[in-house]
Amino acid sequence: MDTVTAIRNRILELCGERNITLNKIANIAGLPPSSVKNILYGKSKNPKIITIKALCDGFGITLGEFFSTPEFDELEQEIR
């Protein structure tokens with residue numbers, strides 16, 4: 001699994017846990033819905049940390065909590 005896929009999965013997981021739609025989390029985070037959808041649908045190959053931070057603020061979690069999952073711990077090295 002690559003990093004962008006792990007980010008996508010985490011956003012979907014958090015939306016599911018909170019029963020929040022993609023449009024709603026985008027609005028709460030102050031982001032255009034297209035920014036969130038671009039991450040989820042693979043158009044954004046390198047999501048900005050500031051975008052992820054805004055989503056974390058919308059979810060009411062820290063960046064550390066966002067990235068503190070087994071999925072991120074088990075990512076393969078992308079640079080060889």
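Reply: Start with helix H2 (residues 22–29) and helix H3 (residues 33–40): their axes come within 8 Å and cross at roughly 125 degrees. Helices here are DSSP runs of H or I with at least four residues, numbered from the N terminus. Axes are lines fitted to C-alpha atoms over the stretch in contact, with angles from 0 to 180 degrees between N-to-C directions. This is a predicted model, where local features need pLDDT of at least 70 and side-chain atom pairs count only at pLDDT 80 or more. Residues are numbered from 1 along each chain, and side-chain values use heavy atoms, without hydrogens and water.

Me: What does that angle make H2 and H3 to each other?

Reply: Oblique, therefore: under 35 degrees counts as roughly parallel, over 145 as roughly antiparallel, 65 to 115 as roughly perpendicular, and the rest as oblique.

Me: Which residues make the contact?

Reply: Leu22, Asn23 and Ala26 of H2, with Pro33, Val36, Lys37 and Leu40 of H3. Contact means heavy atoms within 4.5 Å.

Me: OK, other pair. How do the axes of H1 and H4 cross?

Reply: The axes of H1 (residues 3–18) and H4 (residues 49–59) cross at roughly 15 degrees and come within 11 Å. That makes H1 roughly parallel to H4.

Me: And which residues meet there?

Reply: From H1, Ile7, Ile11, Leu14, Cys15 and Arg18; from H4, Ile52, Leu55 and Phe59.

Key:
Helices (H or I, at least four residues) and strands (E, at least two) are DSSP runs, numbered from the N terminus.
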